[in-house]
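Visitor: I'd like a close look at a single part of this protein, and then a walk through whatever surrounds it. Could you take me there?

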Amino acid sequence: MKFHKTKSYFLLSFLLLASSCDRAVELVKYAGNVELFGFGGEVDQRALVKNKALPTFTERKVKLDLKSGNFSGAASNSVERVSTDQFYEKVREALLLKRELFEGKLKVIEKDAEVQATFSDYAPQLKLGTTNNYRLYKEGSNTRMSSNDYMDLYLKVDYPFLDYGRREINTQISIFEWQYQYKDLAIKVNETAFDLVKIYLEYNSLSRKKLILEAFTENIDGYVIDAQDRFLGGVSVLSEVTMTEQAKTRHNSRLASFNQIFSKAKIEYSENFPGDTADSFDPKMLGSLSRGVFSRLGGTGFELDQYSLEESLLAIEQNIAEYEIAQHRSEYLPRFTSSVETKAFDVDNYDGDMQVSLNLLGEFGLFDGGKSDSQIRALVNKANSVSQRQLALRKDLETRLSSLKSEIDSAKKSVEQTKKDVIFHKAKLSEAREMSENVAFNLSEVVSADESILDSELKLVDQEADLENLWAEVLNLHGLYPDLFTVSFDDIGR
C-alpha cells in the first residue's frame with residue numbers, strides 16, 4: 001500500500017514538473033508584475049486613464065487651420081481668401097452631418113464604456129445572497145446527508161489579491177481598443193472629407209466652365225446676327241453666314257454634352273451639400289482654390305514627416321496583439337482570490353448564530369491541451385503580419401507621393417503652357433478684330449480665334465481641376481483633413 005502511494009506521488013510530481021516547466025519560467029518572468037491587494041505591478045493605472053485620450057484625431061503638433069489662414073496663406077481681403085473660406089465652410093458643414101461619422105462616434109463611446117468597466121476589476125466585489133436547503137426526500141442514514149432544512153444569509157467580499165498583472169493587461173488592451181476605434185473614426189473623417197472635397201472641386205470646376213460657355217454663347221449669337229446683317233446689307237457672301245451658323249452648331253453640341261455632365265454633378269452636389277445651390281458660387285472666386293489652398297503644401301507635401309492615419313491604426317493593432325499574447329501567457333500563472341464572508345445561519349428561524357470567515361482560493365493551471373500555446377502562436381503571427389503590413393503601407397505611401405510629385409509638376413507645366421495659349425489666342429483675336437476694322441473685315445478669322453480661346457480656357461479649367469485633385473489626394477494621404485477642417489470628436493453630431 002505504501003509502495004502504491006509512493007509511486008502515485010512520484011507520478012504526480014513528474015507530471016507537475018513536465019507540464020509546468022514552461023509555466024515556471026513564465027512565473028519568474030512575471031515576478032515584476034505581481035500585484036498584492038492592488039499594490040505593486042509595473043503600470044500606474046491612474047496614468048493609464050490620464051493618458052488614454054488622444055490630443056487630436058491626427059495627433060499632429062503643428063496646427064493646420066484652413067479658416068485662420070495660416071495654412072492657405074491667402075490675404076484676408078483677397079478673392080483667394082473668400083474662396084478658401086467658402087470652401088472651408090461648405091465642406092465642414094456637410095462633413096459634420098454625415099451619418100457614418102455618427103455611427104463611428106457611437107463605437108468610440110461604447111469602447112470608452114468598456115475601458116471604464118475594466119477598472120471594476122480593481123474594486124472589491126460585494127455580494128449579498130442566501131444559501132437554501134430544503135430536504136424533499138430522504139432514504140438511508142449517511143452522515144453527510146442533510147438532517148435539517150435551512151436558509152443562511154451571507155455577505156461576501158471577493159477580491160483578487162494576487163493575479164500576476166492580469167488586470168493591468170486587460171486594462172491596457174481595453175484602452176488600446178478604444179484608441180483603435182478613435183483612430184478608425186479619424187480615418188473615416190479623412191476619407192469622407194476627401195470625397196466631399198472631390199465633389200466640391202468637380203462642381204466648382206464645372207461651374208467655371210458653365211460661365212465660360214455662357215459667355216461664348218453670347219459671342220457666337222452676336223457673330224451670327226452680325227453675319228446675317230452683313231449678308232442682308234449686301235456686304236458679305238452667304239458662306240460667311242454658313243460659317244457662323246456652323247460655329248453655333250458646334251457650340252450647341254458642346255453645350256448639350258456639357259449640360260448632361262453638369263446636371264449629374266449638380267445632383268451629386270445637392271445630395272452632399274443640402275440647401276446649397278449654384279447661386280452660392282461667386283464667379284470671382286471660382287478657380288482660386290489651387291492657388292489659395294493646395295499649392296501651400298509645397299515640397300514638404302511629398303514627404304512622410306510622421307505616421308499616416310492608417311499606419312497609426314496598424315501600430316495600435318500591433319500593440320493589441322502583443323498585449324493579447326501577454327494575456328494568454330498570463331494564463332500560465334497562478335491566481336489567488338481572497339474572500340471575507342459573514343454568514344448568518346438559519347435566518348428563517350434566527351437564533352443569533354453567525355460567523356465571519358476568510359477564504360483563500362489559489363489556482364494554477366497545469367495542463368490545457370495546448371490551447372494557450374496555439375493561441376499565442378496565432379497572435380505572434382498576427383503581430384508579425386501587422387508589422388509587415390506597416391512596412392508595405394509605408395512603401396506604398398512613399399511611392400504614391402513620389403508619383404504625385406511628378407504628376408503635379410507635370411500638371412503645373414501644362415497649366416502654365418495653356419495660360420500662354422490663352423494669351424496667344426486672345427492676342428490673335430485682337431489682331432483679327434483690328435485687321436477687320438482697319439484693313440478688311442474677316443469674320444471667319446475672328447470666330448476662329450474666339451473658338452480657340454474657348455477651347456484653351458476650357459482646357460485650362462480641366463487642367464487646374466486635375467491639379468486641385470492631385471493636391472487633394474496629397475492631403476488625403478497625409479490624413480490632414482480632420483485638422484484642416486478643425487474637426488474634433490465633440491464636433492461630430494452637433
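Visitor: Where does Asp 346 lie?

Guide: Bear in mind that this is a predicted model. Asp 346 sits in a loop, with strand 5 (335–344) on one side and strand 6 (354–363) on the other. What makes that spot worth a look is the backbone: phi of Asp 346 is near 50°, a positive value even though the residue isn't glycine. For context, most residues other than glycine have a negative phi. As for the side facing out, Asp 346 has 28% relative accessibility, so it counts as partly exposed.

Now for the helices. Helix 9 (residues 309–329) pairs with helix 10: their axes come within 9 Å and cross at roughly 165°. An angle over 145 degrees counts as roughly antiparallel, so that is the label for helix 9 and helix 10. The crossing is left-handed, and the contact of the two takes in 11 nonpolar, six polar and eight charged residues.

Helix 7 and helix 11 make another pair, with axes 10 Å apart and an angle of about 15°. These two are therefore roughly parallel to each other, and their crossing is left-handed. On the helix 7 side the contact includes Glu 240, Met 243, Arg 250 and Arg 254, while helix 11 brings residues including Leu 443, Val 447, Glu 451 and Asp 455. Sorted by class, that contact has six nonpolar, three polar and five charged residues.

The largest nonpolar core has 59 residues, and the members touching the most others are Val 91, Val 197, Phe 273, Tyr 481 and Phe 485. Several helices each supply at least two residues of this core, among them helix 4 (79–95), helix 7 (238–272), helix 10 (371–438), helix 11 (443–478) and helix 12 (481–484). The largest share, 20 residues, comes from helix 6, which spans 166–232. Apart from that core lies another one of 14 residues, including Leu 397, Ile 408, Val 415 and Leu 460.

Notes
Residues numbered from 1 in each chain as written. Predicted model: local features only at pLDDT ≥ 70, side-chain atom pairs only at ≥ 80, totals over all residues. Heavy atoms only, no water. Core = buried A, V, L, I, M, F, W, Y, C linked by side-chain atoms within 4.5 Å. Buried < 20%, exposed > 50% of the residue type's maximum accessible area, 1.4 Å probe, protein only. Helix = DSSP H or I, 4+ residues; strand = E, 2+ residues; numbered from the N terminus. Axes fitted to C-alpha atoms, helices over the stretch in contact; angles between N-to-C directions. Parallel < 35°, antiparallel > 145°, perpendicular 65-115°, else oblique. Left-handed = near helix turned anticlockwise from the far one by under 90°. Contact = heavy atoms within 4.5 Å. Nonpolar A, V, L, I, M, F, W, Y, C, P; charged D, E, K, R; others polar.
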